[in-house]
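Open the structure in your viewer and keep the selection tool at hand. The tour below says what to select at each stop and what is there.

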Amino acid sequence: MKKPKRILSVLLCALAISPVCSMGLTNNNTNAVNIADLNASSVFVKQQQSNTCTLAANVMLLRRAALLRDDSDWQQITESACRSVLWSGGMRLNYTYKGISVKCERIYGNSTEKLKSLLSEHPEGIVAYDYNYPHAILLTDYTNGKFYCSDPARCIGAGRIEASSSLINTAGIEAYWYVATRLPSVSNMKNTSRLSKRDIQIGDKVSVLGSAEGNEGKCVYTYQYKESGQTAWTTIGNAATSNTSVDFVPKNTGNYDIKVTVEDSTGSRSEKSLNLSVYESVRNKSRINSYVVNYGDDLTVNLSASGGSGKYQYEINASKPSSSSWVRLKGYSSGSVFTYHPWEAGFYKLIINAKDTLTGKVSSDIYMFRVAASKLENQTKTNKRTISFGNDLTFSLASAGGAGGICYDIKALKPSTSEWVVLKNNHTSSTYTYHPWEEGTYQFKVTAKDNSGNTSVKTFSLHVNIDKLVNYTQLVSNEVAYGDDLIIKTASTGGTGSYKYDFSIVKPGGKEWVNIRKY
């Protein structure tokens, strides 16, 4: 193994870089052997003080190596934790940290091809150092014709970036640190597990659906949970199972972390953390402003709920007095007040549904109220109580109170019959005219009806007169000369309609009347 010829102190970065704090891995797909997760931004760190770029770069190299080994304490690898082992007046050329052996070598000639070869053998990456700058970076991979790295200098963007954006040029790399310890191979397996719901109400169950892509052979799954803020994990069901789903019913409200670990037939493992929110059950607290409403007034519904996620929508359905079916008054929508104008008197039912928009859970309540109509009063009148034959009788139809939509039924009892005759049904006009065809006394019955079936009846009597017929016929002269005509002047009053006359005569010496002209 060739070692850099320059003294160790040359390897120290001269840059004065401000420190930054490292972060724990918080992405939702932690995988000890997955390339994508090796490049999670929280794996990378910035140097804690000036002149420690080589130390920070090696810390990142050790973190990725620990992830590949599935070390649970990889987040504890920091500058301060490693300094006593990795640093001795400057960065050590060779060291071993927690069983991970790291060595340093020089590069002579074309560094580009050498770096490509090294990265193909070391998925954990290599620490590249440029003597001329001097500065060190962690080269992570060579993908699609480009080098990628993480530069510990704070003035450079955090996480995995293109190497061309770092402080040094890969063409000028003269030395590198690499992991000499054999590490597990990288798997392409991706944990694609998920939850059937991310938000539920207490008492509901959620299905944890285990799945993977790029795995070798059959997989086994381990399902675990813990309440946020807790450290201990609890296994759901069996510790390891081939079941691709389990049901979980949380006992408490709050936020839960659910972890699914999948392992294929080669032993490659992948973990995925999922988040579940558990809310109190939604409770419908809506109210109506009155249980008795006068006809013509509005009913006010105050909409409210509690529990759930706090985001509510409301639906209102009504059963009206005249129908057994339900009518939707308001579809699911937000709002805290709903006003309803009932058009009928009688008993109503309301179903008010309060829905938690996040979980979809619904809380329903039924309310009853009565629309009290004022008493229906029939105020119909007629224009006459007595009329002469041939004239009309007029009804002025009117009512007060009731439940709207007033109509009238009109019946008559004629002088010549003992049965009532229907003159009009469901009449809605304000007047009705009747022409009587007989002399004598009529009886009328007018029934007012409202929409709720309330009725009010009023009766009337009418006398139809036919005047006495008087004959005023006269002779123009009581004496006439023989051969002259007798002139009779006819005239009449009273009676009905037009007049006809019948003329008769008793001749001299005779005793019987002889008709001389018929009608």
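**Stop 1: a pair of strands**

Select residues 440-449, strand E36, and residues 455-465, strand E37: the two pair in the antiparallel sense over 10 bridges. Strands here are DSSP runs (E, at least two residues), helices are DSSP runs too (H or I, at least four residues), and both are numbered from the N terminus. Two strands count as paired if DSSP finds at least two bridges between them. Strands of a sheet pair through backbone hydrogen bonds, either parallel or antiparallel. Now pick Tyr442, which stands opposite Leu462 in E37.

Before moving on, note that this is a predicted model: local features need pLDDT of at least 70, side-chain atom pairs count only at pLDDT 80 or more, and totals for chains, interfaces and linings use all residues. Residues are numbered from 1 along each chain as its sequence is written, and side-chain values use heavy atoms, with hydrogens and water left out.

**Stop 2**

**Stop 2: helix H2**

Select helix H2 (53-68). H2 has 16 residues and reaches 23 Å from its first C-alpha to its last, close to the 22 Å expected at 1.5 Å a residue. The expected span is 1.5 Å times one less than the number of residues. Is H2 mostly covered or mostly open? H2 is mostly covered, with 16 of its 16 residues buried. Buried means under 20% relative accessible area, exposed over 50%, and partly exposed in between (1.4 Å probe, protein chains only).

**Stop 3: the largest nonpolar core**

A nonpolar core is a set of buried Ala, Val, Leu, Ile, Met, Phe, Trp, Tyr and Cys residues joined through side-chain atoms within 4.5 Å. The largest one has 37 residues, and Leu62, Leu86, Tyr95, Val102 and Trp177 touch the most other members. Among the elements that give two or more residues to this core are helix H3 (79-86), strand E1 (95-97) and strand E2 (100-106). H2 gives the most, with 12 residues.

Select Val102 next. Leaving aside neighbours within four places in sequence, the contacts of Val102 (heavy atoms within 4.5 Å) include Leu61, Leu62, Tyr95 and Trp177. A second, separate core of 22 residues includes Val293, Tyr312, Tyr314 and Tyr340.

**Stop 4: cysteines**

How many disulfides does the structure hold? It holds zero; a disulfide is a pair of cysteine sulfur atoms within 2.5 Å. Cys82 is buried, with a relative accessible area of 0%.

**Stop 5: backbone exceptions**

Most residues other than glycine have a negative phi, and most peptide bonds are trans. Asn51, in the loop between helix H1 (35-38) and H2, has a positive phi of about 70°. Lys98 has a phi near 50° and is in the loop between E1 and E2. Finally, select Tyr133 and Pro134, which are joined by a cis peptide bond with omega about -20°. Pro134 lies in the loop between E3 and E4.
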